[in-house]
Amino acid sequence: MRVRVSTLFILVGVSLYALIVLQAPTHGAGKLEPVGSDVTQPELALLMGDLQRLTHKLALSADAGNAELANFYMYESLEQMKKIQTEVPEYEGQPVALLMDRLGLPPYAAMQEAVNAKDKQRMLNALDAVVQSCNACHAATLHPFIRITRGTEVNPFNQSFQP
Ligand code: HEC
């Protein structure tokens, strides 16, 4: 009797397992994949998301007058932009790498000078130029609805930006 009961339990267990685990993938398998998506192309939005975080931290550093930290995030931003140029030179017919050279990268020269001078006001002016260039490129690439701001009103990070 004991053997039969435990056998029954195993049978019920196996059936439940089959029902839950094996049935799951048959329900609309692959439905979450966007139609015609190119899985080999790196996702530009994800790379931009990283650039947004670095820009936000650059802004918070500049706003705190922390030239050393601003210098760090400036270099990280430049690295990320070069990575974008290499990995997604074109996106939906838009010349991303070219626009990065023309619009995106130039304002970082003034940021470099401001950081070297450890001048908070110049860092903030350079930051505004950087933010404007982000938005100029979003407009140029048919994404004018993606609008970047300074975002220095509050610090959402568990990190200090004070010098
Ligand atoms: C070379 C042009 C170009 C430059 C320069 C540029 N972007 Fe973008 N960005 C784009 C394009 C194109 C998209 C839309 C990508 C998509 O459709 O997946 C985008 C999307 C975004 C997004 C939406 C993705 C998300 O995670 O929410 C953010 C945020 C963003 N960019 C931030 C920035 C910031 C910050 C800068 C400036 C430091 C910047 N971008 C500079 C072209 C650019």
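Two residues are in contact if their C-beta atoms, placed from the backbone, lie within 7 Å. Among contacts in the protein chain between residues at least 6 apart in sequence, 59% join residues at least 24 apart. This is a predicted model: local features need pLDDT of at least 70, side-chain atom pairs count only at pLDDT 80 or more, and totals for chains, interfaces and linings use all residues. Numbering starts from 1 along each chain as its sequence is written.

The secondary structure of the protein chain is six helices and zero strands. Here helices (H or I, at least four residues) and strands (E, at least two) are DSSP runs, numbered from the N terminus. The order of elements is α-α-α-α-α-α. The protein chain has 163 residues, and 19% of them count as buried. A residue is buried if 20 or more other C-beta atoms lie within 10 Å of its own, exposed if 12 or fewer, and partly exposed in between; these C-beta atoms are placed from the backbone.

Start with helix 2, residues 44-63. Helix 2 has 20 residues and reaches 28 Å from its first C-alpha to its last. That is close to the 28 Å expected at 1.5 Å a residue. The expected span is 1.5 Å times one less than the number of residues in the helix. The buried residues of helix 2 are Leu-51, Leu-54, Thr-55, Lys-57, Leu-58, Ala-59, Leu-60, Ser-61 and Ala-62. Helix 3 and helix 6 are included in what covers them. Just after helix 2, Gly-65 takes a positive phi of about 70 degrees.

Next, the core. A nonpolar core is a set of buried Ala, Val, Leu, Ile, Met, Phe, Trp, Tyr and Cys residues joined through C-beta atoms within 7 Å. The largest one has 24 residues. Those with the most contacts inside it are Leu-58, Ala-70, Met-74, Met-111, Val-115, Met-123 and Leu-127. Helix 2, helix 3, helix 5 and helix 6 each supply at least two residues of this core. Helix 3 gives the most, with seven residues. Ala-70 touches Leu-58, Ser-61, Ala-62, Val-115 and Met-123, not counting residues up to four places away in sequence.

Helix 5 spans residues 108-116. Its buried residues are Tyr-108, Met-111, Ala-114 and Val-115. Seen down the axis of helix 5, these fall within an arc of 110 degrees, so they line one face of the helix. The arc is that of the directions from the helix axis to the C-beta atoms. The buried residues of helix 5 pack against helix 3 and helix 6. The face turned away from the buried side carries the exposed residues Ala-109 and Asn-116.

Lys-118 follows helix 5. Lys-118 is found in the loop between helix 5 and helix 6. Its phi is near 50 degrees, a positive value in a residue other than glycine. Lys-118 is partly exposed, because 15 other C-beta atoms lie within 10 Å.

Now turn to helix 3, residues 67-87, which holds Lys-83. Lys-83 is partly exposed, with 14 other C-beta atoms within 10 Å.

The loop between helix 3 and helix 4 contains Tyr-91. Tyr-91 is partly exposed, with 18 other C-beta atoms within 10 Å. Tyr-91 touches Leu-44 and Val-96, leaving aside residues up to four places away in sequence. Tyr-91 and Thr-141 are 50 residues apart in sequence and 8.9 Å apart in space, C-alpha to C-alpha. Glu-92 lies in the loop between helix 3 and helix 4. Glu-92 is exposed, because it has 9 other C-beta atoms within 10 Å. Glu-92 has a positive phi of about 50 degrees although it is not a glycine.

Finally, the ligand. There are 23 residues around the ligand, and Met-48, Gly-49, Gly-104, Cys-134 and Cys-137 come nearest. A residue counts as near if its C-beta atom, placed from the backbone, lies within 6 Å of the molecule. Helix 2, helix 4 (96-104) and helix 6 (120-140) each supply at least two residues of this shell. Helix 2 gives the largest share, seven residues. By class, the shell has 14 nonpolar, nine polar and no charged residues. Ala, Val, Leu, Ile, Met, Phe, Trp, Tyr, Cys and Pro count as nonpolar, Asp, Glu, Lys and Arg as charged, and the others, Gly among them, as polar.
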